[in-house]
Number of protein chains: 2
Amino acid sequence: MDFIHSIPQGDRRALARMLTELENDTPSGRKALDELFLHTGKAHLVGLTGPSGCGKSTLVNALVHHLRIQQPDQSIAVIAVDPTSPFTGGALLGDRVRMRDLALDEGVFVRSMATRGALGGLARSTQAVSMALDAAGYNPILIETVGAGQDEVEIASLAHTTLVVEAPGLGDEVQASKAGIMEIADVLVVNKSDQPGADNLKQALEAVLEMGYANQVHESQGKQNSPAWIPPVLATVALDGSGVPELAGVIGEHEKWLKENGEWEKRERARLTAWVEKLFREAVWQRWQGERTNREVEQAIEQVMERKLSPYQAVKRLLKK
Amino acid sequence: MDFIHSIPQGDRRALARMLTELENDTPSGRKALDELFLHTGKAHLVGLTGPSGCGKSTLVNALVHHLRIQQPDQSIAVIAVDPTSPFTGGALLGDRVRMRDLALDEGVFVRSMATRGALGGLARSTQAVSMALDAAGYNPILIETVGAGQDEVEIASLAHTTLVVEAPGLGDEVQASKAGIMEIADVLVVNKSDQPGADNLKQALEAVLEMGYANQVHESQGKQNSPAWIPPVLATVALDGSGVPELAGVIGEHEKWLKENGEWEKRERARLTAWVEKLFREAVWQRWQGERTNREVEQAIEQVMERKLSPYQAVKRLLKK
């Protein structure tokens, strides 16, 4: 993988090739990241999540355009994580097409990744891919994922700054599942804010936040001296760019807040710890799988099916080997 | 845990006590299940999933009432899995209150369980709890979970029959994330079918299903001789019971289909295999965690933070111990 040495110098083809290796989790991809890891730790990782139909892709597009005009020397990367479903492949691809004009800009790198499970779950290699983009000098790196349960928690553990995007007209927005999302939002965005119901949605989100933060502030009273970050609720119309400069401003402020209050390092540590833990679990599991034979497992399952062993007893037997 | 011997005889207090042990994953809970596991394998596990607001709890209520009148000698259990969120605890509790009248029926056992993560994920002990209810003679066992990403996949791997419940007016229903849910549905239910938009929703669901099954039939052509199960789309109004007898009928037909075509055993095997695998992974992980010291892990993370080791290299070092 000699080509990787040109990645920090901006070789897009070398980068694309390496990302493919990382997506397939090949030994050479891992080796390349071992070398490039030294160059990571600079990029601001910004996660965007929200229900389909809220206009995330359009918002990412508008945000990138704005940032490129503001800081023309700064390259930006976008990772778009798509749920893989035989039923919807087409529709989501269509969504991505809207990002196509970004691809004409040499200072923007867009990577689409499929989640390889049936439903939800960030693509397994998102961590590795974002590190490679970091090493290649892209900053910020925007990571977009459809809001479906588990994803948001993962995006929050991956990103420094998490944006939760909502839009009016998508149904009963402030619901149980959504309320959980609030807990991970650093910034809330009401997109399509020119449409009916936007003001109500914004107020509802603010009310939920207020409720939640009233509890939290109560809980952490006197525990820390640094100023708390209260997630702001912003209104945007991604299609015409309204509110996008303000959003970019808030993202920058959050980065500043993270760095000035020790939160940046805290989140870096949490992210890298989670990654190491995950890789370690996988490695331990693989090693064990190599040591037990399929026959032993099949026999244990057969005895569970016949109710001769309970699942707990089956595991004990497998562990004894 | 001598009291467990009265569980197969219908001792509700002993059962409730055992479920608490299982929820806390205590050694005595595991031991009790080892003994009771012999009595399992009879119950039809029916999973219900769908977005909040679709009326799942009301539908479960109506379904249980109907089944109890049809087969008064047959006890029924309901497991209601709630997402735990500091913001919504109250609202969801309110939802559960609607099930309260079921609690007056001695032939019905209702158990509420919290998912112990921030978002999504079936309660860890749902498998064990449903086995205990099975051993206690409840049949069917209805397992209700809010539709939020990962949950549905888990419910499908746990249940013999999976119902996906939708309702008009909850937004753009046939979306990417929803389309994935179709893949796990054995039966689709349009609840609140007296409300505007119900017919459109039903047609949209049928169209998505048709598309999906056209692909699947194409793929599996000639691979099997047993008749395929085409998920039907049913309309219900849980509040007044419309469509509920038909739904109960379809659930019974699905059970019959499963048993006549070898699918019941296949799903049992898949479910128990997944459970054993999960327990085994946990056990292996715990054993390893005992063998490495926190200090070693901290040192490895520190070197990753300082970019002296990549995450892959850190894992290699931890594995060498």
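At what angle do helix α11 (residues 294-305) of chain A and helix α12 (residues 311-320) of chain A pack? Their angle is about 160°, and their axes are 9 Å apart. Axes here are lines fitted to C-alpha atoms, for helices over the stretch in contact, and angles run from 0 to 180 degrees between N-to-C directions. Angles over 145 degrees count as roughly antiparallel, so α11(A) and α12(A) are roughly antiparallel to each other.

Before we go on, note that this is a predicted model, in which local features need pLDDT of at least 70, side-chain atom pairs count only at pLDDT 80 or more, and totals for chains, interfaces and linings use all residues. Residues are numbered from 1 along each chain as its sequence is written, while chains are lettered from A and ligands numbered from 1 in the order in which they are written.

Helices (H or I, at least four residues) are DSSP runs, numbered from the N terminus.

| Part of chain A | Mean pLDDT |
|---|---|
| Chain A as a whole | 81 |
| Helix α4 (residues 89-97) | 44 |
| Helix α9 (residues 244-260) | 97 |

Now look at chain B. B:Arg307 sits in the loop between α11 (294-305) and α12 (311-320) of chain B. B:Arg307 counts as exposed because it has 12 C-beta neighbours inside 10 Å; the cut-off for exposed is 12 or fewer. Beyond four places in sequence, B:Arg307 is in contact (C-beta atoms, placed from the backbone, within 7 Å) with A:Phe37, A:Leu38, A:Thr40 and A:Gly41.

Definitions and conventions. Helix = DSSP H or I, 4+ residues; strand = E, 2+ residues; numbered from the N terminus. Buried ≥ 20, exposed ≤ 12 C-beta atoms within 10 Å, placed from the backbone. Contact = placed C-beta atoms within 7 Å. pLDDT = per-residue confidence, 0-100. Parallel < 35°, antiparallel > 145°, perpendicular 65-115°, else oblique.
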